[in-house]
Amino acid sequence: MSELAIDIGTLRKCYGRFVALAGVSLAVPKGEVFGLLGPNGAGKSTLVKSLLTIVRPTRCDGSLLGQRIGHRKTLARVGYLPEHARFHDYLTGRQIISYSAGLAKVPRRVAKARAEHLLEIVGMAEWADRKNGTYSKGMRQRVGLAQALVNEPEIVFLDEPTDGVDPEGRVEIRKLIERMREEGRTVFVNSHLLGEVEQVADRVAIMARGAIVKQGTVEELTHAENRYEIKTLGPVPVEARKTLEEEGISVAGDTIHVHAEGAEQVQPVIDLLRGAGSPIRQINEVRSTLEDVFMEAVNRQKGEAV
């Protein structure tokens, strides 16, 4: 049995001459929270819709839960909360979940019990019989999450699940995602909110202009961008500065930025400064955030497209 929930070699989607997805490759392990990051218009929603065959891909070589993309019985094991999910305002939260259960062919008796359980999990039991039109955005998202779980899916796709939700609601949704992982589900989260994904994802992929530009665990991506900041007492001496800049090391006044995997790689810079008679007043390890990595990857992709 494959240990990958999603294993895509090549996925393309074209609308005439416009290329929405340019040969995406993706691997998502089972039982993890996977975050797909990208600016609006990067192709994130198109990718998910292609995996679920809501949109028919131009070309797709790969599998979902061990079966070819579009395999009908496999899609019955998938949960989905689309971006800007819309449910009829006249339906109550309980009815929305029951309606989704019917579409997923969950037996009525089973669906009733699951609806009660899911409403409790998402914190909507008290408002279960109020109409959707009276709900806040956060309450609607909670009901949306509940309906995505009514068929007890192995993998859940959440497209911008915290978009427009207040800070308290975001915390609750993160807890729900963590709970799904604890239950052994794979959770695929689309988002442009980097901080949200960084707190919950096991691994991420960064998408720009229809292509995956980076992917890996958060630790791998941020560790690769580690740097050290060295501050001297007064400006770096001219000769020392010239030597450092020739080696591609950034110097600005009394501050030197050294990209390095570990402290031992910073030692030659320290030795150079000491030899130049420049006192060192501070050394800090500066770890890049996911936002730093994201912006660098997206900006590079934009530059290559020009």
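## Basis of the model

The model is predicted, with local features requiring pLDDT of at least 70 and side-chain atom pairs counted only at pLDDT 80 or more, whereas totals for chains, interfaces and linings use all residues. Residues are numbered from 1 along each chain as its sequence is written, and side-chain values use heavy atoms, with hydrogens and water left out.

## The largest pocket

The largest pocket has a volume of about 690 Å³. A pocket here is an open set of points on a 1 Å grid over the protein atoms alone, with protein on both sides within 12 Å along at least five of seven lines, and its lining residues have an atom within 4 Å of a point. Grid points are joined across faces, edges and corners, and the volume is the space filled by probe spheres set on the points.

The lining comprises 22 residues, of which L75, V78, Y80, L103 and A104 are the closest to the centre. At least two lining residues come from each of α2 (72-75), β6 (78-81), α3 (93-103) and α5 (137-148). Helices (H or I, at least four residues) and strands (E, at least two) are DSSP runs numbered from the N terminus. By class, 14 lining residues are nonpolar, five are polar and three are charged. In this scheme Ala, Val, Leu, Ile, Met, Phe, Trp, Tyr, Cys and Pro are nonpolar, Asp, Glu, Lys and Arg are charged, and the others, Gly among them, are polar.

## The second largest pocket

A volume of about 170 Å³ belongs to the second largest pocket. Its lining includes R114, H117, L118 and I121, together with L149, V150, E152, L176, R179, M180, E183 and R185. Two or more of these residues are supplied by each of α4 (108-121) and α6 (167-182), and α4 makes the largest contribution, with four. The lining has six nonpolar, one polar and five charged residues.

The whole structure holds one cavity of 30 Å³ or more; a cavity is a set of grid points where a 1.4 Å probe fits but cannot get out. The space in the largest cavity is about 70 Å³. Its lining consists of P161, T162, R174, I177, V189, S191, E196, V197 and V200. Helix α6, strand β8 (186-191) and helix α7 (194-200) each give two or more residues, with α7 giving the most, three. Five lining residues are nonpolar, two polar and two charged.

T162, one of the cavity-lining residues, lies in the loop between β7 (155-159) and α6. Its relative accessibility is 5%, so T162 counts as buried (under 20% relative accessible area with a 1.4 Å probe and protein chains only; exposed is over 50%, and partly exposed lies in between). Beyond its neighbours within four places in sequence, T162 contacts Q141, R170, I173, L193 and E196, contact meaning heavy atoms within 4.5 Å.

## Helix α10

In α10 (residues 267-275), the buried residues are V269, I270 and L273. These residues lie on the same side of α10 because they cover an arc of only 100 degrees around the axis, taken from the directions from the helix axis to the C-beta atoms. An α-helix has 3.6 residues a turn, so residues three or four places apart point the same way.

P268, R274 and G275 are exposed on the other side of α10. The cover over the buried residues of α10 includes β11 (227-232), α9 (238-246), β13 (255-259) and β14 (280-286). After α10 comes G277, with a positive phi near 75 degrees.
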